[in-house]
Amino acid sequence: MNALNRFPVKLSAILLVLVTVAGTATVSITTRIFRERQVEIDQRLNRNVAASMAEELAPFVSSQNGEIESVMHYMMVMNPAVEIYLLDGQGTIRAFFASPGPEVQLETVDIEPIRRFIRGDDLPILGDNPRRPARMHHFSAAPITIDSGQEGYLYVVLHSSGYDAATMELQDRYLFQALLTAVAITLPLVGILGFIVFFLTTRPLKHLTATVHAFGSGDRTARSTIATGDEIGELSRNFNDMADTIVATVDRLQQADRERRELIANISHDLRNPLATIQGYLETLRQKDDFLEPAQRRRYYDILLGATRSLPHLVEDLFELSHLDGPNAVPTMEQFSLAELVQDVAMQWQSRAEDLGVELIAEEPDNLVLVEGDVGMVERVLTNLIRNALAHTPEGGRIALSVTAAGNSVRVAIRDTGHGVAQKDQAHVFDRFYIGDASRTNSRNGSGLGLAICKRIVELHHGTIGLDSIPGSGATFHFTLPRAPGDVDGDSV
């Protein structure tokens, strides 16, 4: 970046311009005020000059022998900075006495300021300057009697044109020196100090700019650490809030995309097997229809019917798991007896267990312990685990359900006497569509999502789920739920 385009340099340049303008304006205003003040002081100090001169000139005004000119010349020698004008009652200049300089350009002087001066109005009072009509000038005035007893005025312009010219020359020279001093000393000092101050002030902006650049380059953890109470601090906090919102939105979009892809993959994966089975047996029936025995044909039809029956259950599990993974999957929490729910679900599956030749029992609890959760979701967990146990327990086997409580949790265990789960498969049984050993896979009559659904429901209840199994000695699936607040009667059931 060009050094001249840096923000502190721009601010410093702006400050220099403002200081220059302000300094020039200050000098001009101060000079003007000083002039006006000097005019007022000069007019006050010389207020009685005209009256004194009129008193001295009165005996010579009507004289015809030229004595007045000698007296006026003497007065001019004593005070060369004044110009003396003798006016009649209408302000017409009858005579004037002044040091060499510009010619008198007025024939008449406005007498209204003169009357105000004689009347004693507040000073300063400015009147006409016969030699410089474009400029009003301070003066001293007094009434005087001129020839034939006519009333007139002695009009004294204080500080003559020569004095004004000298004053202006000196004033311009000192003003130029003042400006030159400001440029040579004040402006560099202000520029250096301004740059330092602006550099320190804008340092948080530089940090914030680097943070925004890092975030825009892909660093989603980039956040501003500015915590000041000014506008930059507020901008920093707003950026952090915006960054958090963007990251959360991107995470939701990525999660939604993953769920969509997983749903498509899951549907493709689990539909492939039943569809392949249906296609294979239909092709077999078509090719061997004339050679199949009725019993064999019925067996093929039973296989096809079983494959088609599994499809609705698969679709239902897929959509349920998709819903449980979504942001709207919030359990409807209420307090209920988990032991009673286990007894009810066991009774619902009793008939199915008897058909399979499996003993299904729910151990009687000593007392009823309340848990807090969604009854429908917890019932689905129990149903899936019992179905899973029945699918992997051979005829003559046994399934036992128990409920125990300790501390703030209640534990449910489903023990079966099946073949158990191989050690290498135990860490993956809750994964979606995980295929374990052949003995469990071939006997399974489900969608492959039941245990994944159980895990997700228990997680939504802030509980835990797990498996204990020794291959060949059966398996125990267990999960925990939080105990209801205030239910502290006993440690076990």
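## Basis

The model is predicted: local features need pLDDT of at least 70, side-chain atom pairs count only at pLDDT 80 or more, and totals for chains, interfaces and linings use all residues. Residues are numbered from 1 along each chain as its sequence is written, and side-chain values use heavy atoms, with hydrogens and water left out.

## The open sheet

An open sheet is built from 5 strands in the order S2-S1-S5-S4-S3, with antiparallel pairing. Strands S2 (93-97) and S3 (126-127) are the edges, and each pairs on one side only. Strands are DSSP runs of E of at least two residues, and helices are runs of H or I of at least four, numbered from the N terminus. Two strands pair if DSSP finds at least two bridges between them.

S1 (residues 83-87) and S5 pair over 5 bridges, in the antiparallel sense. Glu83 has Val157 in S5 as its bridge partner.

## Aromatic pairs

Rings of Phe, Tyr and Trp (its six-membered ring) pair if their centres lie within 6.5 Å; planes under 30 degrees apart count as stacked, over 60 as edge-to-face and the rest as tilted. The count by this rule is 5 aromatic pairs. Phe139 and Tyr155 make a tilted pair, 5.1 Å centre to centre, with 40 degrees between the planes. Phe139 is in strand S4 (residues 137-145) and Tyr155 in strand S5 (residues 151-157), so this pair ties together parts 16 residues apart in sequence. Both Phe139 and Tyr155 are buried (under 20% relative accessible area; exposed is over 50%, partly exposed in between; 1.4 Å probe, protein chains only).

Phe430 and Phe477 form an edge-to-face pair, 6.0 Å centre to centre, with 85 degrees between the planes. Phe430 sits in the loop between strand S10 (409-416) and helix H10 (438-443), and Phe477 in strand S12 (residues 475-482), so the pair ties together parts 47 residues apart in sequence. Both Phe430 and Phe477 are buried.

Ring pairs also link Tyr85, Phe117, Phe139 and Tyr155 into a cluster.

## Helix H11

Helix H11 (residues 450-460) is mostly covered, with 8 of its 11 residues buried. Among them are Leu451, Ile453, Cys454 and Ile457. His462 follows H11 and has a positive phi, near 60 degrees.

## Helix H5 and Leu193

Leu193 lies in helix H5 (residues 161-216). Leu193 counts as partly exposed, at 48% relative accessibility.
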